[in-house]
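Please view the sequence and the model together.

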Amino acid sequence: MRADQQTLCSPTMKPDSIHLNIQHEYSQFHLAVDIDLPSQGVSAIYGPSGSGKTTLLRCIAGLTQAKHGQIYFQGQCWQSDNQFIPAYKRPIGYVFQEASLFPHLSAQANLNYAIKRAGQPQASKQVEHAKQLNHIIDLLGIGNCLERNPAQLSGGERQRVAIARALLIQPQLLLMDEPLSSLDRQRKKDILPYLQQLKTELDIPIIYVSHSADEIARLADYLVVMSQGKITSHGPLQQVLTQLSPPVNLGDDTGVVLDAEICEIDAKWHLAKAQFEGGLFWLRDHGHSVGEKVRLRILARDVSIALEENHQSSILNILPGTIVQIANDQSPASSLIKIAVGQQSLIAKLTQRSVAQLGLEEGKKVWAQIKSVALIE
Amino acid sequence: MLTAQDIQAIILTLKLATVVTLVLLLIGTPLAWWLARTRSRIKSVISAMVALPLVLPPTVIGFYLLIWLGPQGWIGQLTQSVGLGTLPFTFSGLVIASVCYSLPFVVQPIQNSIEAMGERPLEVAATLRASPLDCFFSVVVPMAKPGFITAAILGFAHTVGEFGVVLMIGGNIPGVTQVISVQIFEQVEMMDYGRAHTLSAVMMGFSFVTLLCLYSLNPHARMRYAR
């Protein structure tokens with residue numbers, strides 16, 4: 001059965017979403033997931049090892065057949081009680097944790113393997129097709145290593161070829177299973193910008209499995225947090241990150257992510273001013289231009305609270321806000337404070353002693369002092 | 001020097017080994033594929049059956065085949081009812097017997113190389129829209145190529161070298177079932193050591209060259225099976 005002939009979903013389902021209702025079990029482990037993911041942008045699935053992230057992704061791909069469940073992608077049925085579309089008939093691209101290039105083929109031949117099976121472009125589209133191929137090769141910076149065999153490529157190059165291969169099959173949904181976890185820190189730093197670029201240039205939904213808060217802060221639009229085979233919370237990234245009860249346990253990575261726009265450059269002090277929905281931030285200028293969209297990451301441990309606006313301080317960014325929630329942190333010594341700043345929220349991590357000394361409580365007006373703003377590039 | 005009868009025996013042996021190798025690759029490949037990937041409980045039963053010729057004396061295999069293929073045997077009844085007559089003492093009978101006898105030498109190298117490949121390349125192929133058949137020819141065959149080469153060479157060489165099964169099922173009919181090994185046996189029985197020497201030397205040379213090819217084409221191959 002071809003993908004476009006598949007039965008349509010029931011009318012209660014959002015027709016353009018990715019509907020997942022999956023129950024699967026194997027040796028002591030039980031995966032039970034029921035969720036509708038948005039069909040645009042990057043949905044990140046986050047959780048510790050063994051929480052079932054990869055199994056969930058494999059079920060979506062059809063590499064593992066879930067024992068029970070329904071999977072509908074934009075109205076196409078991929079699995080239901082009486083139907084199972086095998087992986088090779090699903091319009092997906094899949095990037096595995098290890099590059100998994102075919103060892104008997106050169107990098108170029110690995111790409112050709114996908115191109116050949118992506119379906120014949122019509123003659124009129126062939127030029128466009130070739131353009132797209134070159135674009136993907138440029139985007140991932142692999143133009144100079146295509147002649148080599150996988151064994152002669154570095155880990156980072158291999159993974160970028162694997163990503164290119166998954167894109168060249170022209171998927172309607174891209175699935176990525178911790179694509180950076182087998183790489184060292186430097187390689188990760190090298191590849192992340194390519195992924196951010198992909199995210200902005202592709203107009204297909206991406207489901208990205210990761211246990212790295214950093215990757216998620218950079219890439220995700222929608223966040224699904226999993227633990228022991230179940231979803232503990234999900235929603236738009238900002239909303240989930242600022243949720244304190246139940247807390248999303250990110251430990252030292254607890255913090256928020258804000259999308260902002262550069263509105264002013266201070267050439268004298270090498271600073272850039274960024275505007276977000278709750279106010280303004282000063283950042284180090286990394287060669288930005290006015291109007292550029294940036295994503296800022298503010299960790300809870302970098303935010304402190306003052307009861308008055310204090311100009312006698314080295315801190316550049318001081319924003320007025322209102323405490324909306326105080327919650328316990330994992331550590332008994334500290335608390336997490338959610339502060340509403342305009343339309344947005346910040347989270348501060350303070351010791352419980354400070355909370356008591358300052359008499360902080362919900363509804364109190366305070367000044368949030370932000371030590372550093374990590375600009376995610 | 002080689003007599004006309006010797007040359008006839010050599011040509012027959014090569015023809016037999018070629019046909020048997022082709023048949024073995026055709027039936028051994030799906031069998032090896034299944035054995036490498038199944039989680040079925042009968043896998044061990046099938047594996048043991050495939051490996052039986054490694055431990056049984058060839059005469060035992062030949063004996064049972066002679067009975068089953070013969071006029072009273074169940075295969076013999078079947079072949080007679082479809083008008084093929086009985087198979088013992090014919091070239092076809094020899095092919096069937098040799099296929100049974102050399103099966104493990106073809107199945108096991110292919111099975112090992114498919115197992116060594118793991119699931120991942122097959123999963124990658126599936127996510128790149130390769131149907132199972134496409135995946136088999138575009139991924140499994142090229143990746144398991146050393147296994148296929150080893151299997152073909154071993155299957156061929158083992159068929160050339162067999163004696164007991166041939167004697168039981170094929171007898172010693174010149175041009176039909178008289179292969180080199182049987183010919184040598186007959187010459188020795190007739191005390192014609194000179195002619196036996198010639199053919200034996202040819203066999204020795206052939207076997208050495210075959211194994212040399214095997215090890216130089218595929219340095220990791222192991223002769224895992226003692227005869």
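This is a predicted model: local features need pLDDT of at least 70, side-chain atom pairs count only at pLDDT 80 or more; totals for chains, interfaces and linings use all residues.

Residues are numbered from 1 along each chain as its sequence is written, and chains are lettered from A and ligands numbered from 1 in the order in which they are written.

Helices (H or I, at least four residues) and strands (E, at least two) are DSSP runs, numbered from the N terminus. Two strands pair if DSSP finds at least two bridges between them.

| Antiparallel pair | Bridges | Residues between the strands |
|---|---|---|
| β12(A) and β13(A) | five bridges | four residues |
| β13(A) and β14(A) | six bridges | two residues |

Strand β12 of chain A covers residues 255-266 and β13 covers residues 271-276, while β14 of chain A covers residues 279-284. In β13(A), Ala274(A) stands opposite Ile262(A); in β14(A), the bridge partner of Ala274(A) is Phe281(A). The β12(A)–β13(A) hairpin has His270(A) in its turn, with a positive phi of about 55°.

Chain B has 11 helices and zero strands. Its C-alpha trace spans about 65 × 45 × 30 Å along its principal axes. Of the 227 residues in chain B, 37% are buried (20 or more other C-beta atoms within 10 Å of the residue's own, with C-beta atoms placed from the backbone). Contacts require C-beta atoms, placed from the backbone, within 7 Å; among those in chain B between residues at least 6 apart in sequence, 73% join residues at least 24 apart.

Terms used
A residue is buried if 20 or more other C-beta atoms lie within 10 Å of its own, exposed if 12 or fewer, and partly exposed in between; C-beta atoms are placed from the backbone. Two residues are in contact if their C-beta atoms, placed from the backbone, lie within 7 Å.
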